[in-house]
Amino acid sequence: MTRRLPLAAVAVCALAGGCGGDPPAPPVRLAIAAPTDEASVRAATVELRGTVRPASALVTVRGERAAVSGEGTFRATVKLAPGTNVIDVLASAGRARPALTAIRVRRRVSVVVPDVVGVLADDVEDRLSAAGLKAKVDDRDGIFDRLLPGDPVVCATDPRAGVEVRPATIVGVVVSRRC
């Protein structure tokens, strides 16, 4: 029985992080300076900046190592997909408890509705498709209008030309021989 007690004490001591050894290192501190969480940008990349303590900590952004200066500041350029992007940042330093955080950055992507008024009805879908948009054609010609000479053209669009919309937006197109 006396032989088991010292072994149990050694096991508890080892599980608790050591007995009489080095004190545990203070946890790593990590702060993101820019961009802010839920930021909204139009660019395809964003520069992530922040600070870490201790300054010797290893920082990874989305799994890739970021450069850390002697003062503990770091930065990394992050590529963004359209929509909401989650950017995770991990900082570790030896035996210290690591720090992990994540921010969300929304990349807004928009296209401008081109001016297609006066364009032949047969060409409007290709023109809108080239701009990243879809066409919903509404032919306003009646049975007697179809007897008139000439080809139908675009009379109006909804949304109108010059308006910023999301890619793949459906643009209502009114076509007729008489606008």
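**Figure 1. An open sheet of 3 strands, in the order E10-E13-E11, has mixed pairing.** E10 and E11 stand at the edges with a single partner strand each, so one side of each has no neighbour in the sheet. From one strand to the next, the twist averages 30°. Strands (E, at least two residues) and helices (H or I, at least four) are DSSP runs, numbered from the N terminus. Two strands pair if DSSP finds at least two bridges between them. The model is predicted: local features need pLDDT of at least 70, side-chain atom pairs count only at pLDDT 80 or more, and totals for chains, interfaces and linings use all residues. Residues are numbered from 1 along each chain as its sequence is written, and side-chain values use heavy atoms, with hydrogens and water left out.

**Figure 2. Strand E10 pairs with E13, and helix H2 lies across the sheet strands.** E10 and E13 (residues 170-176) run parallel and are joined by 6 bridges. Val-137 has Val-173 in E13 as its bridge partner. Strands of a sheet pair through backbone hydrogen bonds, either parallel or antiparallel. H2 (residues 121-130) lies across E10, E11 and E13. H2 runs at about 160° to E10. Axes are lines fitted to C-alpha atoms, for helices over the stretch in contact, and angles run from 0 to 180 degrees between N-to-C directions.

**Figure 3. Asp-141 sits in a loop between two strands.** The loop connects E10 (134-139) and E11 (153-158). Is Asp-141 buried or exposed? Asp-141 is buried, with a relative accessible area of 5%. Buried means under 20%, exposed over 50%, and partly exposed in between (1.4 Å probe, protein chains only). The Asp-141 side chain makes a polar contact with the side chain of Arg-177 at 2.9 Å. A polar contact is a pair of N or O atoms within 3.5 Å; within protein, one must be able to donate a hydrogen and the other to accept it, and residues adjacent in sequence count only if both atoms are side-chain atoms. Leaving out residues up to four places away in sequence, Asp-141 touches Arg-146, Pro-152, Val-175, Ser-176, Arg-177 and Arg-178. Contact means heavy atoms within 4.5 Å.

**Figure 4. Asp-37 and Arg-104 meet in a salt bridge through their side chains.** The N to O distance is 2.6 Å. Asp-37 lies in the loop between E1 (29-34) and E2 (39-41), and Arg-104 in E8 (residues 99-107), so the pair ties together parts 67 residues apart in sequence. Asp-37 is partly exposed at 36% relative accessible area. Arg-104 is partly exposed, also at 36%. A salt bridge is a side-chain nitrogen of Lys or Arg within 4 Å of a carboxyl oxygen of Asp or Glu. A search of the whole structure finds 7.

**Figure 5. Glu-164 and Arg-42 form a salt bridge of 3.3 Å, N to O.** Glu-164 lies in E12 (residues 164-165) and Arg-42 in the loop between E2 and E3 (45-53), so the pair ties together parts 122 residues apart in sequence. Glu-164 is partly exposed, at 48% relative accessible area. For Arg-42, partly exposed as well, the value is 45%.

**Figure 6. Arg-75 and Glu-47 form a salt bridge, their closest N and O atoms 3.3 Å apart.** Arg-75 belongs to E6 (residues 73-79) and Glu-47 to E3, and the pair links distant parts of the chain, 28 residues apart. Arg-75 is partly exposed, with 47% relative accessible area. Glu-47 counts as partly exposed at 36%.
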